[in-house]
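User: I have a model open and want to go through part of it with you. Can we start?

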Amino acid sequence: MDALTAIRLRRSVRSYTDRPVADEDLDQLLKLALLAPTGSMSQAWSLLVVRDAAKRAALADIVIRGGGTYFTVVRPPAPEHTPEQHAEASRAYAEEVLGSYRHVPVWVMGLVVPRDMFPPEEREKEALADEMSVAFAMENLFVGARAKGMGTVPTVFHWFAEDDLRREFALPDEVRVPVISPLGYPSEFPKGLPPRLAAIKRPWQTLVHDDTWGNPRA
């Protein structure tokens, strides 16, 4: 599959089988990820690859638990639900939609590892540049995975259980974890968007402005 097709067919996969990922395929994807651009060649990143069965199970639990908190915070409660009922419904929903994460053979964490190349007064800008570099690397991983028939999904649910994540993987305080992804073979690739998301997707022409802000194509 060529790159243009892989980009067009990439989907956020949330249902996985336990089919293993070959070592040579994984290594190729990791190398492709790290070919991404990085400002001043700072390489303020690392990829933490999780394949150990116990570690994978722990990470899946952290993500699913964090997902429950995310859904509690972000999604409106049902009209008749108390806060406690809303939280319980959110936890159940996270288990329902993310439960197959426990079968994923590989997880990849995109880490920011600060190199402190900017002057101290510009470190906030450097932090943003570093996170952009990690995002570029993970996008390479996502597109490469789709070209090989594998699925991924950028995940931030771990933000809501970050202390547990840091303890489990011995992450130093200065290392940040903006995004992680499962990597494996999907039960099936999603086709189109769920109705809830399709209803809010903006036409691409409304998001492209020509020459000046306020001049969208539609």
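**Strand pairing and one proline**

Analyst: Pro 182 lies in strand 3 (strands are DSSP E runs of at least two residues, numbered from the N terminus). This is a predicted model, where local features need pLDDT of at least 70, side-chain atom pairs count only at pLDDT 80 or more, and totals for chains, interfaces and linings use all residues. Residues are numbered from 1 along each chain as its sequence is written, and side-chain values use heavy atoms, with hydrogens and water left out.

User: Why does Pro 182 count as buried?

Analyst: Because its relative accessibility is 0%; buried means under 20% relative accessible area, with a 1.4 Å probe and protein chains only.

User: What is Pro 182 in contact with, leaving aside neighbours within four places in sequence?

Analyst: The contacts (heavy atoms within 4.5 Å) of Pro 182 include Tyr 16, Tyr 101, Val 106, Trp 107 and Thr 155.

User: And how far apart are Pro 182 and Leu 30?

Analyst: In space 13 Å, C-alpha to C-alpha, and in sequence 152 residues.

User: Switching to strand 2. Which way do its residues point?

Analyst: Val 106, Val 108, Gly 110 and Val 112 point one way, Trp 107, Met 109 and Leu 111 the other, and all are buried. Strand 2 covers residues 106-112.

User: How many bridges join strand 2 to strand 3?

Analyst: Six, and the two strands run antiparallel; pairing takes at least two DSSP bridges between strands. Val 106 stands opposite Leu 183 in strand 3.

User: What about strand 1 and strand 2?

Analyst: Strand 1, residues 45-50, is joined to strand 2 by six bridges, also antiparallel. There, Leu 48 is opposite Met 109 of strand 2.

Terms used. Buried < 20%, exposed > 50% of the residue type's maximum accessible area, 1.4 Å probe, protein only. Helix = DSSP H or I, 4+ residues; strand = E, 2+ residues; numbered from the N terminus.
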